Each structure stands twice: as structure tokens, then as C-alpha cells.
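Biologist: I have a new protein model on my screen and would like to learn how to read it. Could you walk me through it?

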Amino acid sequence: MKYKLLSLNVGRPEVYQTDKGELESAYRKASVSEPTFLTFYNFEGDEQADKKNHGGRDKAVCLYPAQHYRHWEAHYDQAFSHPAFGENLTVDGIRESEACIGDIYRLGDALLQISEPRKPCYIIARTHGIDDFPAQVTKVGYTGFYLRVLQEGRVTAGDDLTLVERHPDEVTVEDVNEVRYHDRDNEEKLTRIINVDALASGLKETLQKRIKNK
């Protein structure tokens, strides 16, 4: 499977004004056209403001499917331009219902592996001035996802994101979202997800606590 990287995006923390006051974030990224080196932690020129909840090896890269833009434009009756969702990679055609935790992809010279779904937070609401945005994202499951870097290398907008290896457990990003937000007490599903070796350690711990607290 091949998907096209439509936009490669980086940004550093900045303080900007929102309808609810000042916000420090690196959410507002800018597209870059030149080849950009991807390290184990981020793209050159990219950085996270909140390093407690963002960044690290398991969240080195954030990907958002480009086709979701059309859904949000219709839903909110306004235009959104890349990268309106704070993503590093805007990729056409890839879907949460098909992409699996642990899948490995080649992008330019780099090798990436899906680690966990993205968890929409208040920043998307503050940035766009739309209070129910996080709730709507979790409702429809258009979250996008994070990837860890298995091999560093240069990436350029227009590169193909090519599936190299499908993870044998075939637990999709959508499967994780379903348990995370909707079917929260399904112990069978929780156990299946927790047992995926490639699942991000932080999310694995959170789901394990949910089972223990039942």
C-alpha cells in the first residue's frame, strides 16, 4: 500500500492569542518543501511545547489523514488548510480503520512504526475557536495517529508512505479508539490491545490500570 505525503509540517513553541486568552503551543505548524531530516524524536525544526504529553520516542511524528479535512469543512462549514490539525504529516488516503498498531512504513529515507492513536485535546478547540472540536473528533474517530522512528532519514513533501510490514496482531487505530472512548469496559478488547508489543508504553499502562480498577 502506498499513500502520498501531501504536506510536511514543522513548528516550534510560540505564544499566540485565542478567544480564551494566551496559549503556548507548537500546534501551529508550517509546511516545508525542502528535504527535512527526521530524528528518533522529531523533524528538524519541530519541537513540542508540552513535553509531558507530547513528544518522546513513541510520539515522534504525528500523522493526520488528508481526506478528513473534507469532513470537517462540511461539518463546520469553513475551510481548513494543511496543517490545521497540528500534524507533521498530512497523508492522503490512509485510514484509522485500516492502519494497525505496529505497522511499519517507509517514508523517504526514514522507517516509521505506528505506536498509538492521537488523543485530541483542548488545544485543537482553542486554536480554532470551536469548543466541541475534541468531542467531535473522538465521536467520529478521525483522530490521526502517532509514529515512532525506527530509522532516521530525510523526508520530502510528495514522498510515498509505503507499507513495509503489517503487524501480525492487526489491531487497528480504530480498534484502540473504540475501547479508549466508547467500549471502555470491554476486558477482552482491552487485553487484546494491551498485548500488542508495539503499542506505546504510556497508553499500555493507562489501559492496564483500567483493567485493574474494574
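This is a predicted model: local features need pLDDT of at least 70, side-chain atom pairs count only at pLDDT 80 or more; totals for chains, interfaces and linings use all residues.

Biologist: Let's start with the helix. Which residues of helix α1 are buried?

Modeller: First, the general idea: an α-helix has 3.6 residues a turn, so residues three or four places apart point the same way. Helices (H or I, at least four residues) and strands (E, at least two) are DSSP runs, numbered from the N terminus. Buried means under 20% relative accessible area, exposed over 50%, and partly exposed in between (1.4 Å probe, protein chains only). In α1, residues 68–76, the buried ones are His 68, Tyr 69, Trp 72 and Tyr 76. Because they cover an arc of only 105 degrees around the axis, they sit on the same side of α1; the arc is that of the directions from the helix axis to the C-beta atoms.

Biologist: And what do the buried residues of α1 pack against?

Modeller: Their partners are β6 (61–65), β7 (89–92) and α3 (133–140), where contact means heavy atoms within 4.5 Å. Arg 70 and Ala 74, on the other side of α1, are exposed.

Biologist: Now the cores. Which residues touch the most other members of the largest nonpolar core?

Modeller: A nonpolar core is a set of buried Ala, Val, Leu, Ile, Met, Phe, Trp, Tyr and Cys residues joined through side-chain atoms within 4.5 Å. The largest one here has 38 residues, and Leu 89 and Ile 94 touch the most other members. Strand β1 (residues 2–10) gives the most to this core, namely four residues. There is also a second, separate core of 15 residues, with Leu 23, Tyr 64, Tyr 69 and Val 137 among them.

Biologist: How should I read a charged residue such as Asp 159: is it buried or exposed?

Modeller: Asp 159 is buried yet has no salt bridge, and the nearest side chain of opposite charge, Lys 4, is 7.3 Å away. For charge, Lys and Arg count as positive and Asp and Glu as negative; His and the chain ends are not counted. Asp 159 lies in the loop between β11 (153–155) and β12 (160–165), and its side chain reaches the backbone nitrogen of Thr 156 at 2.8 Å.

Biologist: How many salt bridges does the structure hold?

Modeller: Eight. One of them joins Arg 166 and Asp 103, with the closest N and O atoms 2.3 Å apart. Arg 166 is in the loop between β12 and α4 (173–181) and Asp 103 in the loop between β7 and β8 (104–107), so the pair ties together parts 63 residues apart in sequence. Asp 103 is buried, at 0% relative accessibility, whereas Arg 166 is partly exposed at 26%.

Notes. Residues are numbered from 1 along each chain as its sequence is written. Side-chain values use heavy atoms; hydrogens and water are left out. A salt bridge is a side-chain nitrogen of Lys or Arg within 4 Å of a carboxyl oxygen of Asp or Glu. A polar contact is a pair of N or O atoms within 3.5 Å; within protein, one must be able to donate a hydrogen and the other to accept it, and residues adjacent in sequence count only if both atoms are side-chain atoms.
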